[in-house]
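This briefing is intended for a reader who is meeting the structure for the first time. Please keep the sequence and the model in view while reading.

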Amino acid sequence: MKKIFRSERRRILSNYARLFAGLLLGIWITRLLLEGGEWLFSIYTLITVGMGVSIVLTELLLLVIVPFLGANVSNEQVVDAPKFRDDLFAAFAISLGAALLGAAVMILLGWLAFGNLETPDRVSAAWLFLVLRIVMMVVTVALTPAMAVLLVSSRQPEFNIFLFLVRLGEFLGIAIPLWLLNGEHYAETDILVQIGAWVAFFTAATYVLAAIYAFRSGPVLLAGKLRPQLAIVKAMLKRTGWSFLQIISSNLYVRADVLIVAAFLGAAEVVALGIAIRLMGYVRQATNGLVTGLDATFANHGGQRKRQNKDNGQSKSDQLKLLSLSTALQGGVVFQLSVLIFLLREEIVTFWVGDILEDAANTGVIEEIGLLASLMIIGIGFRSLNLGWFSAMNGLGRAKHFTPWLLPGAIGNASVLGAWGLFAPETLSVMAVGWVFVGFQVATHGFIMPVVSARSLGCRLQTLVTPLLVPCAIAVATYLVAHGLSMVNEGGSNEFRVAVVVLTVSLGGMANLFLVLRRSNHE
């Protein structure tokens, strides 16, 4: 078990190195887009967030492929080469089909959404940008099995390097046109198309390099029949159905919210929601640093147990210990970041984009974005606490146990907001969108999913939620201390308040990490 913990530490450290670097690039990307103008930011957000199916499909395919490939790998070596090869070819066949389906979906969404654009040149630019995103999506989705190979063969650092290069490519693809085409004689439509071309090029090139690396230096055997077996394709497609519902459920919230706000509230509110979503997304990304690759670990462990006919009771105990430690770490990250954003929401938004937003001080937009982000973080926080349980169930092939419970909340969120916009548009606001989002997220992930997860994993509910108690207590103490010290200095320097909050939250996070590491050394 200690060997597994050591491997998990390497996985988590590489995840966080990539996420921290990606965080810095993401902050810069947001500023660059806002400097390009309100229309550029809103249309980029609409197409990449509202219509972008690339992330949805790659997440879906990884959920499906990793359990199949991971069951044939042990100690970083393929133990059943023919089965691994057959599964890999089937995965490529499904990925190519998914890429073509995704292209059709994005074209349909573009046809529905671009009718509201003001001028023909904006419509043409939006379509060109969408076509470039489609080309990028086809390449990345079709090559997703190569990324899965890196995960199941315990090459998480390399996996993270390529994901960072994708993020770096997005930054360069946005920065190059904005820096080179920033003169008055360059229209914003020209800049949008250039951004689409550069981002598509860098992203596609990175995925091609990742595929070459996976096949050259990993345990991938390409000898034998280069034809997917129909039985394996059917088995993967059967699991794809549940995984598809899982991905759609998690992504429908944000994507539906963006599309509804764009339809009923306009570009300015899309900007506010887009910034809040990006800030909220960093909390989830921080949690993803703990769970990315965890499904592969459970798949490897489950496959090894089956091959060795290992005692099921001991194996299950080891899995629950690993999941308990992961949950405690997740709780520490989610709770501490929530405290940080609750206390410094306006300072964070002001520092990030306050000097770019037009008339921010006069319109109260900074305060609105801060309140919206801190509100939506409650919902995404509850979801983030479930991610480790989801990864475990996905790795063990039990997606069908919990996926049906996710969809009602996602549909309810979209339905309520859609009906609200149609029948009472004058009362709909971006804050109302946030409240509806939180309500459905908390109901689903705060009450339903813990019970469902415990039943699927064969343990008591107490076993899953108890690891969250200590991180929660530390977060409460962190909030009280930080808020108390801030009140002592009320009316004084704002820099002092920010420093106090950041230092207190950092100490709280370190305390939680110390306790978890100490516990793992005694397992």
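The points below move from the whole chain to individual residues and pairs.

The structure is a predicted model, and its protein chain contains 20 helices and two strands. Of the 523 residues in the chain, 54% are buried. The mean pLDDT of the chain is 84.

**Overall fold and surface**

- Among the contacts in the protein chain with a separation of 6 or more, 84% are made by residues 24 or more positions apart.

**Confidence of the prediction**

- A pLDDT of 70 or more is reached by 88% of the residues in the protein chain.
- Helix H17, covering residues 430-457, has the highest mean pLDDT among the elements of the chain, at 95.
- The lowest mean pLDDT among the elements, 49, belongs to helix H13, which covers residues 360-363.
- Where pLDDT is low, the predicted coordinates should not be read in detail.

- Thr189 is located in helix H8, which runs over residues 188-217.
- Thr189 has a relative accessible area of 9% and is therefore buried, the cut-off for this class being under 20%.
- Apart from neighbours within four places in sequence, the residues in contact with Thr189 are Trp39, Asp121, Arg122 and Ala125.

**Salt bridges**

- Asp87 and Lys83 form a salt bridge in which the closest N and O atoms are 2.8 Å apart.
- Both Asp87 and Lys83 belong to helix H4 (residues 81-113), where they are four residues apart, or about one turn of the helix.
- Asp87 is buried, with a relative accessible area of 0%, whereas Lys83 is partly exposed at 33% relative accessibility.
- Another salt bridge joins the side chains of Arg122 and Glu188, with an N to O distance of 2.5 Å.
- Arg122 is in helix H5 (residues 120-142) and Glu188 is in helix H8, so this pair ties together parts that are 66 residues apart in sequence.
- Arg122, which is also in contact with Thr189, is buried with a relative accessible area of 19%.
- Glu188, its partner in the salt bridge, is partly exposed at 26% relative accessibility.
- The side chains of Arg497 and Glu347 also meet in a salt bridge, at 2.7 Å from N to O.
- Because Arg497 lies in helix H20 (residues 494-521) and Glu347 in helix H12 (residues 312-354), the pair ties together parts that are 150 residues apart in sequence.
- Arg497 is partly exposed, with a relative accessible area of 23%, and Glu347 is likewise partly exposed, at 21% relative accessibility.

**Cysteines and disulfides**

- A disulfide is a covalent bond between the sulfur atoms of two cysteines.
- The structure holds zero disulfides.
- The cysteines of the chain include Cys459, which is buried with a relative accessible area of 15%.
- Cys472 counts as partly exposed, at 33% relative accessibility.

Notes:
Residues numbered from 1 in each chain as written. Predicted model: local features only at pLDDT ≥ 70, side-chain atom pairs only at ≥ 80, totals over all residues. Heavy atoms only, no water. Buried < 20%, exposed > 50% of the residue type's maximum accessible area, 1.4 Å probe, protein only. Contact = heavy atoms within 4.5 Å. pLDDT = per-residue confidence, 0-100. Salt bridge = Lys/Arg side-chain N within 4 Å of Asp/Glu carboxyl O. Disulfide = S-S within 2.5 Å.
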